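Open your viewer and get ready to select residues by number. Each stop on this tour tells you what to pick and what you will find there.

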Amino acid sequence: MKKNHTSTAWLTWGIMLVGANLRLPITMIPPLLPTIKQTLGLPASMAGMLTTIPLLMFALASPLIAKMGNRRGNECSLLVALVILLAGSLLRIIPSLTALIAGTLLIGFGISGGNVLLPAIIKDQFPHSIGAKTSLYTVTMGLIASLGTGLAGLLNQQFNMQITLAAFSLVGVFGLLVWALAFRTLPKKAARQDVQRKNIAVSRSMLAWWIALFFGLQSFLYYSLLTWLPSLWQAAGFSQIAAGNLATIFQLSGMPATLSIPFIAEKRHGLLYSVWGIMLGFVLGALGILIPGANFGLNVVYALLMGVASGAAFAICIVFFQKKTADAYETASLSGFAQSVGYLFAAVGPVLYGFIQTSTGSWDLLLWLTVGLTLLMFVAGLIINANHRIFPSKANR
């Protein structure tokens, strides 16, 4: 159904502000960990769980959210998810370890709503500007997440942890309010969707499994490298500040890729070139870090290569969800399935990398593992690119 100008404007703002909430509640926590340990008595062994809990919730909640979207409508389901996300953010303000854990669980569920449903909503509401709207939310997500990491520690020093958590929860308030206004402007038919539609069993499609594998591998590599690259660079002889700067470069350099990949994918052979570029970025970056005695400048290049590859890998997953499906129902189902499998795999990554390093004492082994997993992801990407859709014909649905 045709949307009016007001509806289009509110949806666009909504997509951007929902994107702003999809990593911020996670990336703001690491700088606050020392304060959390001190004020709430969080055991050191549980500190990593504040990052792992959302990943596990992504895995558990994604298929449920996909089903809810296909039954109740994607836009309405996202509104419910944003309410839950805001409730979790507000709960974490309470100075209690129980409230912190409970709030993190709710935040994980709420973020899953945006992760799963936004690609489907964009495909449905903006079929002629999928690339632009996808870039809008992925770039906003990465930018706000990076700012959150940088500002959380500063706000905590100037004020306190509760004020810091309250300040960042305002992003959730704005996201919910704008999406609620966008939802109200939708025509009734567009807002309700067809609630009689049955859920789509994407697990029957081999292509869906390849996409889930690709998503899982890129998530595994991102969270593992984000966790351990600073320690790796310090072990290589760089100072703590220099290692932190290299890790920041790795994180920020992915944003140009998340902006450009949706547009590149629209070009002839764009997906294929993107898959090759992702492989080369990860492999050349990891192999470069393996070179002993390299200087800071060269490691900036290696961090850039892997950061761009990581950003491109995430963005191309969103493109896969949209291009390899026939409609918004399939997009939501594929997105939920791939993220459920993928994030379950990704949650193991940082722990596995840490276990391997502790057991062997070798950082080089982690880099070789990165190369091996990248090549596996490359093969999956080539197979995905060679296939048109998860269900080639209506007869196979």
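**Before you start**

This is a predicted model, in which local features need pLDDT of at least 70 and side-chain atom pairs count only at pLDDT 80 or more, while totals for chains, interfaces and linings use all residues. Residues are numbered from 1 along each chain as its sequence is written, and side-chain values use heavy atoms, with hydrogens and water left out.

**Stop 1: helix pairs**

Helices here are DSSP runs (H or I, at least four residues), numbered from the N terminus. Select residues 74–91, helix H5, and residues 97–125, helix H6. Their axes come within 7 Å and cross at roughly 155°. An axis is a line fitted to C-alpha atoms over the stretch in contact, and angles run from 0 to 180 degrees between N-to-C directions. H5 and H6 are therefore roughly antiparallel to each other (angles over 145 degrees count as roughly antiparallel). The crossing of H5 and H6 is left-handed, which means that the near helix is turned anticlockwise from the far one by less than a right angle.

Which kinds of residue make up the contact of H5 with H6? The contact of H5 with H6 has 16 nonpolar, nine polar and two charged residues. Ala, Val, Leu, Ile, Met, Phe, Trp, Tyr, Cys and Pro count as nonpolar, Asp, Glu, Lys and Arg as charged, and the others, Gly among them, as polar.

Now select H13 (270–290) and helix H14 (residues 296–323). The axes of H13 and H14 come within 8 Å and cross at roughly 150°. That makes H13 roughly antiparallel to H14. H13 passes H14 in a left-handed crossing.

Next, pick H10 (residues 206–235) and helix H17 (residues 364–386). Here the axes come within 9 Å and cross at roughly 155°. H10 is thus roughly antiparallel to H17. The crossing of H10 and H17 is left-handed.

Stay with H17 and select Ile383, which is found in that helix. Is Ile383 buried or partly exposed? Ile383 counts as partly exposed, at 27% relative accessibility. The cut-offs are these: buried is under 20% relative accessible area, exposed is over 50%, and partly exposed is in between (1.4 Å probe, protein chains only).

**Stop 2: aromatic rings**

A pair of aromatic rings is described by the distance of the centres and the angle of the planes. Rings of Phe, Tyr and Trp (its six-membered ring) pair if their centres lie within 6.5 Å; planes under 30 degrees apart count as stacked, over 60 as edge-to-face and the rest as tilted. How many aromatic pairs does a search of the whole structure find? The search finds twelve.

Show Phe220 and Tyr353. Their ring centres are 5.7 Å apart and their planes are at 65°, so the pair is edge-to-face. Phe220 lies in helix H10 and Tyr353 in helix H16 (residues 349–360), so the pair ties together parts that are 133 residues apart in sequence. Both Phe220 and Tyr353 are buried.

Move to Tyr222 and Phe250. This aromatic pair is stacked, at 6.3 Å centre to centre and 25° between the planes. Tyr222 lies in helix H10 and Phe250 in helix H11 (residues 240–252), so the pair ties together parts that are 28 residues apart in sequence. Tyr222 and Phe250 are buried.

Then select Phe58, Phe215, Phe321 and Tyr343, which form one aromatic cluster.

**Stop 3: charges over rings**

A charge sits over a ring if NZ of Lys or CZ of Arg is within 6 Å of the ring centre and within 35 degrees of the ring normal. Select Arg23 and Phe314: Arg23 lies over the face of Phe314, at 5.1 Å from the ring centre. Then select Lys133 and Phe126. Lys133 lies over the face of Phe126, at 4.6 Å from the ring centre.

**Stop 4: single residues**

Pick His269, in the loop between helix H12 (254–264) and helix H13. Most residues other than glycine have a negative phi. His269 is not a glycine, yet its phi is positive, at about 65°. His269 is partly exposed, with a relative accessible area of 40%.

Go to Ile53, in helix H4 (residues 49–72). Ile53 counts as buried, at 10% relative accessibility. The C-alpha atoms of Ile53 and Ala347 are separated by 8.5 Å, though the two are 294 residues apart along the chain.

Finish at Met161 in helix H8 (residues 161–185). Met161 is buried, with a relative accessible area of 4%.

Notes. Helices (H or I, at least four residues) and strands (E, at least two) are DSSP runs, numbered from the N terminus. Angles under 35 degrees count as roughly parallel, over 145 as roughly antiparallel, 65 to 115 as roughly perpendicular and the rest as oblique.
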